[in-house]
Amino acid sequence: MENTIFSLLPPLVAILMVVITRRVLLSLGTGIIAAAFLLAEFNFAETFAIMWDAIKGIVVADGELNTYSLYIILFLLLLGTITAFISISGGSRAFGEWAMKRVKTRVGAQLVGAFLGFIIFIDDYFNALAVGQVTRPITDRQKVSRAKLAYIIDSTSAPVCVISPISSWGAYIIALIGTILAAHGVNEYSAFSGFMQIVPMNFYALAALAMVFIVALRNIEIGPMKKHEERAITEGIVVPQDKPVPGELKDDLPTSTKGTVGDLVWPIVALVAGTVGMMLWTGASAVEGEVTILAIFENTDVTKSLVTGGLLGLAVALILFVRQAVVLKGVNANVFGKGMVEGIKSMLPAIYILFFAWVIVDLIGRLETGKYLAGIVESSNINISFLPFLLFLVAGIMAFSTGTSWVHSASCFQLPGTSLQQLISRSCCRH
């Protein structure tokens, strides 16, 4: 079934399932089963053997632990734990109180949310949670509607994370790129280098970030946002009172009342400094010959660096927590266990999706779906310059239909990556 029209079935089944059911894991699981079933040529016993081999490859590769994927999973768990302890230490609350004394206008309140969206780039979930909790008191006071605040948060959280290598999304995309490069024996550049080359071409993310500032500075209201903004300005009602607030965040973790801005800032500074420092160290250590910045980033061990930065960030967050619990008595030390558990639990959904996505990417690669699509494109003389535009439309429809980007990122990276690699290879052979 490899390199045939049947190789299109698994990704199409996964996409169709996620659009209809909006259940990501069920849809990815169905696509995985379909891919393994085709690879096994409808042999049930062989189907399970193939699935097990793909799953095992995430943990063990070539007889050794697959530290690449394991480090990424560990990094995500560290991010969740850091987020929990920043909240417990009162860092988000303290920053909100600090900013409220300094922001005096509606435009300023909106810009606080926009700038924080840039600063807190380590994870889109953490970004939305922290920026929402920090900015909400400021925007409420300046009569900015929750609808506009939601737009600002949503249009900065994921877009800024998707172009930052030191983030959960950056790690996820780098992992996908690494899988694709390894599958096709590409070793001219690393997954990290590939990711950095993609950033300037991520037009949607860059445009979304630019629009946030245009909307805030020019007081532009998009669609129904205008109705909410007019009500907030004239009546002081920032959210409808006649129905529950959708997406209202509820903090189940106790929060210290003695937290400071540093409880938010220093763990993030430590995370970034540790990650960047380790990237420079591992890159420089691996360079053979002249050591340049480009050579360092070409040879850096990004996953090990992410884990190192995560451990340093967590260490700082825990030190600040101990200070709040033992020295300042702002929070009970007994919440340590709950903070660890809740932090880990917050990232499990993302890890489940990532795990399933890795498996389906592997199986789609074995089916040579991209090679088949490349053959169709080449034989039909379709200009490959149209592929990015067509892919953008498909990805947009999927994201709009499902409300998630994790699942379609796997398919949308795998298919064009493989297709373009095959097309370039064939073009080189002809010339």
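Let me begin with Ala-171, which is buried, with a relative accessible area of 1%, where buried means under 20%, exposed over 50% and partly exposed in between, for a 1.4 Å probe and protein chains only. This is a predicted model, in which local features need pLDDT of at least 70 and side-chain atom pairs count only at pLDDT 80 or more, while totals for chains, interfaces and linings use all residues. Residues are numbered from 1 along each chain as its sequence is written, and side-chain values use heavy atoms, with hydrogens and water left out.

Ala-171 sits in helix α9, a helix being a DSSP run (H or I) of at least four residues, numbered from the N terminus. Leaving aside residues up to four places away in sequence, Ala-171 touches Ile-72, Phe-75, Pro-165 and Leu-306, a contact being heavy atoms within 4.5 Å.

Now to the second largest pocket, whose volume is about 650 Å³. On a 1 Å grid over the protein atoms alone, a pocket is an open set of points where a 1.4 Å probe fits, with protein on both sides within 12 Å along at least five of seven lines, and lining residues have an atom within 4 Å of a point. The volume is the space filled by probe spheres set on the points, which are joined across faces, edges and corners.

Which helix gives the most to this lining? That is α16, with six residues. Domain 1 (5-65 + 356-429) and domain 2 (67-349) both give residues to the lining, so the pocket lies between them, the bounds coming from an automatic or database domain assignment.

Notes
Helix = DSSP H or I, 4+ residues; strand = E, 2+ residues; numbered from the N terminus.
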